[in-house]
Amino acid sequence: MRDFVNEKTKLIKPSGIRKFFDIVRETEGAISLGVGEPDFVTSWKVRQAAIRSLQRGYTQYTGNRGIPTLLELIARYLQERFDLSFDPKHILVTVGGSEAIDLALRACVERGEEVLIPDPAYVSYAPLVTMADGVPVAVECREEDNFVLQSSLLEKAITPKTKAIILTYPNNPTGAIMTKDELEKIAKVIEKHDLLVITDEIYAELTYGKKHTSIVNLPGMKDRTIFISGFSKAFAMTGWRMGYVCAPPSIDDAMFKIHQYAIMCAPITSQHAAIEALQDGFSDGFATVEEMRESYDMRRKFVLHSLHEMGLHCFQPQGAFYAFPSVKNTGLSGERFAEQLLKTQKVAVVPGNAFGLFGENNVRLSYATGMNALAQAMERMSAFLSKTE
Amino acid sequence: MTAFEKEIVNVLTQDARIAPKQIAAMLSSDEQTVKAAIDKLEKEGIIVKYTAILNDEKTEDYVVDALIEVKVTPKKKEGFDGIAKQIASFPEVQSVYLMSGAYDLAVFIQDKTLQQVSRFVSERISTFDGVLSTATHFILKKYKIEGVVTEKEDTDNRILVLA
């Protein structure tokens, strides 16, 4: 029989981390700081709204774009929370932010065109660029720059083939954010080279200290930017797969076509849940979101304090719910560190090289973990470090 | 309470076992300051007690819980306080509240058997001077205790996906 799988897909490397996660699963008593999702369950009001929608018989397709009420609520939410103005006509509800990234790349990238990805970054971008026939190009974000993308490094990575740049702040895995000033420097380069921006702002609600700024709001950016966000992180709704994308009309049209034929529409039950999440949020000033944010912030401070005490250098994350300490001074690579930590102390962290070329000396730990488990994990890590010295 | 004290109380009411050292890290403070603040809260009687919340259904100790509605004639000068405090002093009594509405005191009691609860009501509470009547309601099942739903949701069924 022929080999039916195409060459493009074969090129995509299976995630090296899978083996590691298999070991974690088999390690009894392991504390996992590896999970990249909130440790909160979706609020009961939201779950109840979904149940009610089922009871009332809402089990059909919705319009391709999503339920009109939801589109309007998303527009209002973005306006009120982030000062972003989008016409509901050009908002598209997607199956998680992930679908939106895929749509953006497939709608815009031509064969062989390069897409810049700040590195370290979330694992999906590069493979999705490859699947869209593009070429992913990593742009290093250095720890000494607070993992913020530098215009000089960006400029260096640009070639005549460069089409787009993916921005992803607050960042997974580093927890870095980009301020308005920092974004302005990047925006200049983007404009100069006429690049498309795909900005994934899924963690926008989770910043600590500074309020999130979107690149969309910088002069000249809105017409060249695809804005992606969703409900997963802000409302603890990962499993509902509720994302959305807002793009300039011509790009929006193109993405809409792919979505219409590939997906049809996002699940109706999840859309009803999302409607409740926003309506409830408007009724009490997004108290549930704020509570979760405060809870993450306390754990963030605790983890940073603990890492510092045990002598691990860690960049101060200002967003998302990850810490990305450097393990360089232990003499171990991030991968070896993670392996040995799991083996000897049963604490699972994710090696930084899972997130690209430039995270080798780091590990990612998620502080979206109960305080007791987190405290125990920190003690075990500290014990591990005193033994490696 | 100061804002700082409120933050401490927020942490402790979620989980009283979190150590001052950890709280200090969580609130960007230091251990001594947190300890002093907790001492103050204890001294002022704002923090009354640290305890464990048990799910009786799982302890396999047979206990009977009841809510007793008590109608009382308030006394001169002391109103409801005198009798309420006396009722509250019995170790069987878990909580006593003064209520608005159809009755005056809500008394939650716990004992080992139905008979003991009944006897407590008829021999202790009803005989107090000023008690007009009582109505005893036995608790059949507890769905939520002290803000905690007894049947735990599977809160951590997160699987390891690289997100």
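The following legends describe close-up views of a predicted model.

**View 1. Chain A as a whole.**
Chain A contains 13 helices and twelve strands. Its C-alpha trace extends about 60 × 60 × 55 Å along the principal axes. A compact globule of 389 residues would have a radius of gyration near 21 Å, and chain A agrees with this because its own value is 21 Å. Of the 389 residues in chain A, 52% count as buried. When contacts between residues at least 6 apart in the sequence of chain A are considered, 74% of them join residues at least 24 apart.

**View 2. Helix α4 of chain A and its surroundings.**
Helix α4 of chain A runs through residues 68-82. The buried residues of α4(A) are A:Leu70, A:Leu71, A:Leu73, A:Ile74, A:Ala75, A:Tyr77 and A:Leu78. Among the elements that cover these buried residues are strand β2 (91-95), strand β8 (242-246) and helix α10 (268-283) of chain A. Just after α4(A) comes A:Asp83, which takes a positive phi of about 60°.

Helix α8 of chain A comprises residues 180-192. Its 13 residues should span 18 Å at 1.5 Å a residue, which agrees with the 18 Å between its end C-alpha atoms. The buried residues of α8(A) are A:Leu183, A:Ile186, A:Ala187 and A:Ile190. These four residues lie on the same side of α8(A), because they cover an arc of only 110° around the axis. On the other side of the helix, A:Asp181 and A:Lys192 are exposed. The cover over the buried residues of α8(A) includes α7 (151-157), β5 (162-167) and β6 (196-200) of chain A. Just beyond α8(A), A:Asp194 has a positive phi of about 50°.

**View 3. The contact between chain A and chain B.**
In this view, 23 residues of chain A are in contact with 14 residues of chain B. On the side of chain A that touches chain B, helices α2 (17-26), α11 (287-309) and α13 (371-388) each supply at least two residues. The largest share, six residues, comes from α11(A). By residue type, this side of chain A divides into eleven nonpolar, seven polar and five charged residues.

**View 4. Helix α11 of chain A.**
Helix α11(A) has 23 residues and reaches 33 Å from its first C-alpha to its last. This length is close to the 33 Å expected at 1.5 Å a residue. A:Gly311 follows α11(A) and has a positive phi, near 90°.

**View 5. A:Thr388 in helix α13 of chain A.**
A:Thr388 lies in helix α13 of chain A. Because it has 13 C-beta neighbours inside 10 Å, A:Thr388 counts as partly exposed; a residue with 12 or fewer would be exposed, and one with 20 or more would be buried. From A:Thr388 to A:Gly331, the separation is 57 residues in sequence and 9.0 Å in space, C-alpha to C-alpha.

**View 6. The domains of chain B.**
Chain B is divided into domain 1 (3-43) and domain 2 (56-140). The C-alpha centres of domain 1 and domain 2 of chain B lie 35 Å apart.

Methods: Residues numbered from 1 in each chain as written. Chains lettered and ligands numbered in written order. Predicted model: local features only at pLDDT ≥ 70, side-chain atom pairs only at ≥ 80, totals over all residues. Expected span 1.5 Å × (residues − 1). Arc of directions from axis to C-beta. Contact = placed C-beta atoms within 7 Å. Domains from an automatic or database assignment. Nonpolar A, V, L, I, M, F, W, Y, C, P; charged D, E, K, R; others polar. Rg over C-alpha atoms; globule rule 2.2 N^0.38 Å.
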